[in-house]
Structure formats: structure tokens, C-alpha cells
Amino acid sequence: MNILVQDLKAGFVVKEDVCSQDGHIIMPKGMKITKHRIQVLRAFLINEIQVQERASLSNQEEEINELYESIEKYNAFVDQYKKAIERYKKIFQGWQAGMMIDMIDVRKSFIPFFKDFSTSSHILNLCRYQSKENDFYHHPVAVGLIAAFIGRKRNFKQEEWVGVALSGLLMDCGFSRMNEHLFLKSNETLSETEKRMIKVHPSKSYQMVRHLRPLTEGSKLAVLQHHERLDGSGYPLGLTGNQVHPYSKIVAVADAFHVMISDKAHGEKKIPFPVLEEMRKKSFGKYDFEYLTILMKEISSTAIGRRILLNNNQKGEIVFINQNDLSKPLIRLDEDASFLDLSENNGLYIAKIL
């Protein structure tokens with residue numbers, strides 16, 4: 001039902017995305033209305049929104065139910081993710097021992113997990129689930145997840161987004177035919193000769209998948225091309241523009257994004273917003289803007305309502321994402337419920353998502 005903002009009450013749920021006059025999402029579908037969020041709607045001069053009422057529970061009961069539901073979903077995903085990492089590690093070690101890729105086993109082990117991954121909220125937390133000793137094995141699984149997510153948001157048919165997901169999962173299989181120290185060392189500690197050797201891995205991965213009948217040609221090309229860039233600066237072939245397959249463009253975005261938020265070279269885990277902003281600004285022309293925009297939009301809408309810690313130790317909630325600068329959202333501060341626009345405060349930034 002439509003309801004005037006002046007008549008809103010805490011407990012209503014947003015039925016459709018609420019957007020500002022320039023089309024940017026202020027509150028995503030499914031968000032619960034609170035008194036502070038009513039203030040946000042007024043600040044953006046929103047007069048009316050579509051909402052649905054919840055069952056008549058006390059605020060405390062609703063908060064408890066939401067908390068338990070959130071915890072259950074979070075724990076279920078983390079458990080599935082950890083099992084997927086261990087499964088990939090076991091399969092990869094089999095490749096190292098000389099085994100061929102068993103696509104029936106790969107599909108059975110990972111496609112159900114990829115299929116259940118339907119929310120961008122987990123992308124914000126992927127790095128939290130990583131363990132240093134298994135860092136290498138996290139990456140292909142995470143890239144497969146993110147690539148599948150982008151494909152689904154692009155309205156790919158199931159066989160298409162599954163193909164994209166498998167490309168991400170198998171993109172580094174060629175490392176199993178290389179000396180282990182090459183892919184377990186950080187990039188900064190590799191010699192120039194070793195870095196050149198690393199750049200061979202897409203070709204080696206392609207050699208391992210090229211004869212697999214259950215894998216589509218697009219998926220095979222994405223394994224080969226996931227380090228290609230639209231401006232020709234990538235490898236191993238230096239392809240440009242439409243020479244790069246659409247699946248490859250998606251996997252390239254997912255791969256680069258996960259590498260950057262993981263920041264393995266410095267052992268840090270970065271906030272997704274500035275990473276996406278950096279990919280958009282500093283890597284213009286390298287990545288497909290359509291697929292990058294899908295990832296930016298989905299993560300931005302999920303971030304609204306998330307609690308954060310600023311670098312000055314102030315805590316607050318993200319209430320609006322500036323699409324022109326994802327790293328500088330509008331924050332409602334806990335201490336006095338005032339609004340802080342990070343785009344107008346150059347010294348402040350989000351240090352952590354709580």
C-alpha cells in the first residue's frame with residue numbers, strides 16, 4: 001500500500017525501492033522503517049512510499065526475530081562457504097597429483113552453493129571468512145560466487161550464469177601444473193621472472209579445460225581470458241574490446257574486485273566501496289562498465305542501513321550512497337543522530353563495516 005511519509009510508523013517494511021529525484025536508491029526493498037529512516041525520507045523530500053505491514057508484534061519481539069533470522073542465515077552461508085573452500089582445496093590437490101578435471105564432480109560440489117547465493121550482503125563480508133592458510137583456495141570460489149551473482153542480476157539464463165560461475169571456479173586450475181611456491185607467495189615477493197611465469201597460468205588453465213565437453217566454449221574462453229582487459233593491457237593475448245568474451249568480462253570484474261578487497265600483498269581486508277570506486281576511476285576502459293555497474297549498484301543498495309565505524313572511532317549507519325563517489329556515503333551518527341556527508345569531509349572515511 002502507498003502511505004504518506006508523515007503517516008509512517010516504525011515497523012513498516014519498504015515494498016519497492018525508494019529512489020531520490022535523480023534515480024539513486026535511498027532505501028531498498030525489504031528495509032524496515034525506523035524513526036531515523038523516516039527522517040532520511042523527509043531529508044530527501046520523499047512524500048509517499050509503498051510499504052507492507054508486518055504482523056503485530058512488539059518492537060522488541062520483532063528485533064529478536066530479525067536477529068535470530070539474520071544469525072541463522074549468516075551461519076548457514078558461512079558453513080556452506082567453508083565447506084566449499086575445503087572441497088575446492090581437495091579437488092585442487094587432486095589436480096596437483098595429476099588427476100583430470102571431473103566436471104560431474106565439480107558441478108555437483110559447487111552449483112547448488114552458487115545457486116543459493118542470491119544476496120549481495122555476503123559479498124560485503126567475503127573477506128571475513130578467509131583464513132590465511134587457505135587464502136589461495138578462497139579466491140576461485142569467491143570469484144565463482146561473485147561472477148554468478150553478476151550474471152543472475154544481468155538476467156542470464158541458468159545455463160549461462162552457471163557457465164560464468166564455473167569459469168571463475170576453474171580459472172586458476174592451471175596453477176596445479178606449476179611450482180607451488182609461485183602461487184602461494186605474495187605478488188610483491190615474486191621476482192620479475194616469477195611474475196612472467198605467473199602470467200602463463202591462464203593458458204595452462206585453458207589447456208586443462210579445453211577438451212571438457214560439459215563446459216561451454218564461452219566458459220573455456222573465460223578461463224583463458226580472465227586477465228584480459230578491454231584496452232589491450234591484459235594477458236596472455238592482449239585482446240581488446242569485443243575480442244574479449246562476455247563471460248570473460250564478468251569474471252575479470254569479479255576476479256579484480258576480490259583481489260582488491262583481499263589485498264593479499266599487504267595482508268589487509270579492504271572496504272568494498274573504495275575498491276569499486278578505484279576500479280571505476282583508475283581502471284576506466286579496462287573493465288566492462290555494464291558488469292561493474294551491476295556490482296556497484298547491488299553492493300550499494302545492500303550497504304544502506306549497514307552499521308559502520310569511521311576512522312575517528314565514531315559509529316553510525318549508512319543512509320545514502322553517492323553514486324558519483326561510492327566511498328563517500330551519507331552517515332547518520334549514533335551519538336547525536338546527526339547526518340554526516342563524507343563527501344564534504346575529506347579527512348573521514350569508513351574504516352570498518354560492523
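Which order do the 5 strands of the open sheet take? The order is 9-8-7-6-10, and the pairing is antiparallel. Before I go on, a reminder: this is a predicted model.

Strand 9, residues 339-341, is an edge strand, and so is strand 10, residues 350-353. Each of those two pairs on one side only. On average, neighbouring strands here are turned by 40° against each other, with direction ignored.

Now the pairings inside the sheet. Take strand 7, residues 315-320, and strand 8, residues 330-333. They are antiparallel, with 4 bridges between them.

Move across to strand 6, residues 307-310. Strand 6 is joined to strand 7 by 3 bridges, again antiparallel. Here I308 stands opposite G316 of strand 7. The hairpin of strand 6 and strand 7 has 4 residues between the strands. Look at N313 in that hairpin: its phi is positive, near 75°.

Strand 6 also pairs with strand 10. That pairing is antiparallel too, over 3 bridges. L310 has I350 of strand 10 as its bridge partner.

Next, a residue from elsewhere in the chain. V40 sits in helix 1, residues 35-43. Is V40 buried or exposed? Its relative accessibility is 2%, and the cut-off for buried is under 20%, so V40 counts as buried. What does V40 touch, leaving out residues up to four places away in sequence? The list is I26, M27, V319 and F339. V40 and V319 are 279 residues apart along the chain, yet their C-alpha atoms are separated by 7.1 Å.

On to helix 4. This one covers residues 135-153, which is 19 residues. From first C-alpha to last, helix 4 reaches 27 Å. That is close to the 27 Å expected at 1.5 Å a residue. Why do we call helix 4 largely enclosed by the rest of the structure? Because 17 of its 19 residues are buried. After the helix comes N155, with a positive phi near 65°.

H139 belongs to helix 4. With a relative accessible area of 7%, H139 is buried. Its contacts, not counting residues up to four places away in sequence, are M171, D172, D255, H258 and V259.

Last topic: a helix pair. Two packed helices are described by the angle between their axes and the distance between the axes. Our pair is helix 5, residues 158-170, with helix 9, residues 217-225. The angle is about 35°, and the axes are 8 Å apart. The crossing of helix 5 and helix 9 is right-handed.

Which residues make that contact? From helix 5 come G163, V164, S167 and L170. From helix 9 come S219, A222 and V223. By type, the contact residues divide into 4 nonpolar and 3 polar, with no charged ones.

To recap two points. The sheet is open, in the order 9-8-7-6-10. Helix 4 is largely enclosed by the rest of the structure, since 17 of its 19 residues are buried. I'll stop there and take questions.

Key
Residues are numbered from 1 along each chain as its sequence is written. This is a predicted model: local features need pLDDT of at least 70, side-chain atom pairs count only at pLDDT 80 or more; totals for chains, interfaces and linings use all residues. Side-chain values use heavy atoms; hydrogens and water are left out. Axes are lines fitted to C-alpha atoms, for helices over the stretch in contact, and angles run from 0 to 180 degrees between N-to-C directions. A crossing is left-handed if the near helix is turned anticlockwise from the far one by less than a right angle, and right-handed if clockwise. Contact means heavy atoms within 4.5 Å. Ala, Val, Leu, Ile, Met, Phe, Trp, Tyr, Cys and Pro count as nonpolar, Asp, Glu, Lys and Arg as charged, and the others, Gly among them, as polar. The expected span of a helix is 1.5 Å times one less than its number of residues. Buried means under 20% relative accessible area, exposed over 50%, partly exposed in between (1.4 Å probe, protein chains only). Two strands pair if DSSP finds at least two bridges between them.
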